[in-house]
Amino acid sequence: MRGLKPVQILLAEDNPDDVDFARRALRRSRVANDIHVVWDGQQALDFLLRAGNYGIDTPRPDLILLDLNMPRVNGMEVLEKIKANDELALIPVIMLTASGRDEDVVKSYKLGANTYIEKPVEFDKFMQAVEVLGEYWIVIAKLPSEVA
Amino acid sequence: MAEAKSESSGRKRRGQALPEALAYGQAIVETVREPLLILDGGLRVRSANRSFYQSFRVSPEETEDHLVYELGNRQWDIPKLRELLEEVLPKNTQFEDFEVEHEFATIGRRTMLLNARRLLHEAGRGEMILVAIEDISERKQAEEALERRLSELDAFAYTVTHELKEPLRTIEMFSRIVLEDYGERLDEQGQDHVMRLARASVRMNRLIDDLLTLSRVSREPVPQTRILVGQVVGEVVDATQTLIDERGASVEVEDGLPDVAADPARVEQVFANLIGNALKFNESEQPFVRVGVRGVGGGMVTFYVQDNGIGIDPKYHERIFGPFERLHGREEYEGTGAGLAIVKRVVETLGGRIWVESEAGAGATFLFMLPVWTEEAASVDMRAA
């Protein structure tokens with residue numbers, strides 16, 4: 001069982017609407033969580049590497065929600081860099097994206113994505129998807145961060 | 001004297017027949033648009049036609065009496081051609097549509113289809129080989145260009161649908177959020193309006209998905225494998241079980257449905273759609289659906305999906321297969337109207353056709369043909385692959 005410390009979630013998403021939806025869904029989660037939002041791939045990398053505008057006290061996320069289509073550095077590149085970095089490689093990365101294209105799904109998993117989810121258009125399904133995600137990754141799955 | 005005379009006139013007749021036959025042959029060779037080469041048994045060029053000289057920019061002087069491989073600075077010294085002339089032809093007397101790609105010094109890279117035939121000549125003149133060369137480079141390029149354009153179009157369709165879906169998600173989600181957060185402050189009419197917004201965006205989302213499916217169905221190559229139709233139908237029925245139970249319906253599937261040569265996803269799509277429709281457009285107390293075979297012939301098997309549903313007036317029998325055609329109001333039966341259009345395209349892509357037998361109010365029987373799976377068909381397919 002996890003402690004009372006809220007779970008740290010990094011959400012990389014350039015669409016403010018989707019950020020709202022994800023926040024709303026995670027608010028419903030029965031697991032305490034802090035959401036950190038970054039708006040493009042470069043910011044995501046800065047956050048993770050504590051570079052750019054992110055200082056030494058930037059929390060290390062327990063879970064990363066990553067959109068594919070983002071300005072500057074896209075989700076695929078971010079994923080590749082995360083999985084190539086020893087410090088970050090073990091953080092579960094969930095691709096939460098509007099693309100259901102086979103190539104994107106296959107490539108993401110090849111690059112080491114832990115889950116790939118196509119953003120549902122319907123409200124209930126979207127909420128359910130994020131809730132189930134939180135439930136699985138935060139409550140059910142045993143993560144390396146707990147071992148460390 | 002008389003004998004000698006008649007002998008000489010006989011020779012004369014034969015002597016006339018030969019030039020006539022030669023002239024006839026020559027005329028054919030010259031008239032044909034395709035480049036032709038006539039070789040002797042030793043693969044030396046006896047002659048070529050005008051089309052050959054024009055197409056490959058060579059002169060008769062540098063062609064006739066030369067070994068075929070020596071032609072035009074040895075540009076015909078193509079390993080594949082050697083193999084054909086020296087190994088395939090002596091065994092088979094002819095070959096057809098052998099594709100050869102070669103970089104020519106004079107005219108660049110060309111793709112050619114070669115046909116050749118070995119003719120055994122009478123008395124001492126040895127054999128003769130006729131080689132016809134069809135330049136298919138342009139057709140090949142056109143096909144490749146088309147393929148490129150289609151895949152660009154595919155990518156475009158994907159991007160467009162993707163971009164269209166994003167604002168839709170926003171509309172749907174915020175209408176639901178309005179209901180969730182401010183629902184109590186809205187009166188019934190206000191709530192209804194917001195619900196309609198949400199429903200319209202969900203519907204549009206389905207339309208976009210169906211449009212994408214429609215545009216892709218006939219484009220993607222069909223891998224031909226052995227499909228156990230009985231099993232596929234069983235799976236479709238299992239997946240529809242909730243609906244079947246809700247409607248108190250019964251679905252009968254004939255035993256021993258023949259196997260077809262197609263791909264599983266497409267066959268499933270066809271049966272799922274037709275069985276789904278049979279249950280959906282059905283107001284009977286006890287809906288039933290029957291799946292079976294009407295007949296087998298000409299390499300095709302005709303399946304049927306029969307129901308005791310609302311039926312279709314014969315004047316709509318063509319129209320129902322058109323994209324986004326609906327015969328009923330949305331309030332009556334929901335759906336985008338793309339289902340049968342998708343089924344039709346799938347069936348046609350698989351080489352079959354689909355039609356319906358029905359009267360309004362008297363149930364409907366959808367019939368469609370799919371290619372029967374046979375061992376031979378499978379081995380042909382292996383060769384093609």
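This is a predicted model: local features need pLDDT of at least 70, side-chain atom pairs count only at pLDDT 80 or more; totals for chains, interfaces and linings use all residues.
A cavity here is a set of grid points where a 1.4 Å probe fits but cannot get out.

View 1. The largest cavity holds about 30 Å³ of space.

**View 2. Glu13(A) meets Lys119(A).** Their salt bridge has its closest N and O atoms 2.8 Å apart. Glu13(A) sits in the loop between strand S1 (7–12) and helix H1 (16–28) of chain A, and Lys119(A) in the loop between strand S5 (115–118) and helix H5 (123–140) of chain A, so the pair ties together parts 106 residues apart in sequence. Both Glu13(A) and Lys119(A) are buried.

**View 3. Arg72(A) pairs up with Asp40(A).** Here the salt bridge spans 3.1 Å, N to O. Arg72(A) is exposed, at 61% relative accessible area, while Asp40(A) is buried, at 8%.

**View 4. A pair along a helix in chain B.** Glu143(B) and Arg139(B) form a salt bridge, with the closest N and O atoms 3.9 Å apart. These two are 4 residues apart in helix H5 (residues 137–182) of chain B, so about one helical turn separates them. Glu143(B) is partly exposed at 46% relative accessibility, and Arg139(B) is partly exposed with a relative accessible area of 46%.

Conventions:
Residues are numbered from 1 along each chain as its sequence is written. Chains are lettered from A and ligands numbered from 1 in the order in which they are written. Side-chain values use heavy atoms; hydrogens and water are left out. On a 1 Å grid over the protein atoms alone, a cavity is a set of points where a 1.4 Å probe fits but cannot get out, and a pocket is an open set with protein on both sides within 12 Å along at least five of seven lines; lining residues have an atom within 4 Å of a point. Grid points are joined across faces, edges and corners, and a volume is the space filled by probe spheres set on the points. A salt bridge is a side-chain nitrogen of Lys or Arg within 4 Å of a carboxyl oxygen of Asp or Glu. Buried means under 20% relative accessible area, exposed over 50%, partly exposed in between (1.4 Å probe, protein chains only).
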